[in-house]
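Thanks for coming. I will take this one region at a time, so please have the sequence and the model open.

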Amino acid sequence: MTIQATNTALLDWTGDTLAVGLFEGAVELTGDLASLNHKYAGICQEIIAEEEFTGKANSTIVIRLGATNSVRKVIFVGLGKPDALKLETLRRAVASVARTAKKQKTKTLGISLPVWNNDPAATAQALTEGIELALYQDIRFKSEPEDKNPNIETIDLIGLAGQEAAITRADQIVSGVILARQLVAAPANAVTSITMAETAQAIAHEHGLQLEILEQEDCEKLGMGAFLGVAQASDLPPKFIHLIYKPATTAKRKLAIIGKGVTFDSGGLNIKGAGSGIETMKMDMGGAAATLGAAKAIGQLKPDVEVHFISAVTENMISGKAMHPGDILTASNGKTIEVNNTDAEGRLTLADALVYADKLGVDAIVDLATLTGACVVALGEDIAGLFTPDDAVASQLQTAADSTGEKIWRMPMEDKYFDGLKSGIADMKNTGPRYGGSITAALFLKQFVKDTPWAHLDIAGPVWADKENGYNGAGATGFGVRTLVSWILS
């Protein structure tokens, strides 16, 4: 599929299907749309009236014009209220257009949507992201595709001539999102600590990043007892991945991104029981997937920012070597942890990764993790929880998320709640009381960062979608990649 910008006028465009956006309440076609309606003998206005199409956001109607016309079909897509137009509005609208056009067996598609905020570059990027993410299908594990409709071959972005660079930028970012989706969606027998390391190697090779992979012996020398405690029950070796992007010029800042990389979470000896969703625990490495996806995108975008992409990757399994409830682990900063629940393993792997990143002398650290069900209870399945004591980093991440349409919400860091993590025989326990579980998890992580500005994103909810939503199909969403990239580029 080729997406290209064109200066062809709306009335002059020819091809299979022309898609046009209408604001809510705009049932009367005016301007160029009135001319378009006149060109096709008034059928557009007639069908809009018959179908009672009101321009509600993301709603569509298809008008067949006949094979003898220069355009065979017109798709009208609703944009909602004019004063609510955002880039996310355009992403979602164009996703509806793309899916509808594919069902209509369209090969050539022209899209005419309004330019957001007089910014054609941002508009072209948003449209390209929405199209590519909506049309992506993961058929790697199917013997044959279920969708028999032909793929769209060419898409023209009408009125956005000269925005080729924005389209390319979107391609590069989307490639990172797709990688994250593929990693999260793949089963745990396909994505392991070994294959995650191989993915990092491929990114480094293809895009010129530096790579260091710490093996178990290296982690032992660094005293990563928390990470290795989780890893000790698995038959697969742990891999501590450190990808480094360095710009060709002097870096204006230096950042670290850490992703939780538990490729399968059985719960350990506190095994996940019936109804726990254990069959979905292949996605417990969603943070690492977003981290590697962001690395793939940044390797192509090449900003003047140095970025360290880090993940401590392992399984949380059950065997005769498994850590027991009640064991005491020593993290690489010397802090001791009483393991009162082996199913709170992600924070143990992140603890040593945070200590490692904190020693790199970066300007800020962000970690992403499918960390707690408590955060899903608090914020639902669409919103990630943002935890940080640093207002500046919080503001930067919120701005980045707003620009991408990925939803995050800042949560409190109530220091008093750390009392629930205190242990009688160690520095802390790895879980606290039932209530405020996402907050105590963030407070646990805070113990492994000294003075570096730091934020934690709990992405347990939005990493996966049970049904199609906007430009995300059902399944892995690749959540976090675009927000991370936007933050890095800001």
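I will go through the annotated sites, then a helix, a sheet and some ring contacts.

First, the ground rules. This is a predicted model, so local features need pLDDT of at least 70, side-chain atom pairs count only at pLDDT 80 or more, and totals for chains, interfaces and linings use all residues. Residues are numbered from 1 along each chain as its sequence is written, and side-chain values use heavy atoms, with hydrogens and water left out.

Start with the record. UniProt, in an unreviewed entry, places the feature "active site" at K272 and R347. Under "binding site", also unreviewed, UniProt lists D265, D343 and E345. Those three are spread over 81 residues of sequence but cluster in space, with a largest C-alpha distance of 8.3 Å. UniProt positions are in the numbering used here, feature names are shortened, and annotations may be inferred rather than shown by experiment.

Where is K272 found? K272 is in the loop between strand 10 (261-265) and helix 9 (286-301). Helices (H or I, at least four residues) and strands (E, at least two) are DSSP runs, numbered from the N terminus. K272 is buried, with a relative accessible area of 17%. Buried means under 20% relative accessible area, exposed over 50%, and partly exposed in between, using a 1.4 Å probe and protein chains only. Leaving aside neighbours within four places in sequence, K272 is in contact (heavy atoms within 4.5 Å) with D265, S266, G267, I278, M281 and D343. G273, in that loop between strand 10 and helix 9, counts as partly exposed at 39% relative accessibility.

D265 lies in strand 10 and is buried, with a relative accessible area of 2%. With neighbours within four places set aside, the contacts of D265 include K272, D343 and E345.

R347 lies in helix 10 (residues 346-358). Is R347 buried or exposed? R347 counts as buried, at 7% relative accessibility. Beyond four places in sequence, R347 is in contact with residues including A441, F444 and L445.

Six strands form an open sheet in the order 1-6-5-2-4-3, with mixed pairing. Strand 1 (2-6) and strand 3 (60-64) are the edge strands, each pairing on one side only. Two strands pair if DSSP finds at least two bridges between them. Strand 2 (residues 15-22) and strand 4 (residues 71-78) pair in the parallel sense over seven bridges, and L18 has V74 in strand 4 as its bridge partner. Helix 3 (residues 87-103) lies across strands including strand 2 and strand 4, running at about 145° to strand 4. Axes are lines fitted to C-alpha atoms, for helices over the stretch in contact, and angles run from 0 to 180 degrees between N-to-C directions.

Last, charges and rings. The charged end of R92 sits over the ring of Y471, 5.9 Å from its centre. The charged end of R253 sits over the ring of W487, at 5.6 Å. The criterion is NZ of Lys or CZ of Arg within 6 Å of the ring centre and within 35 degrees of the ring normal.
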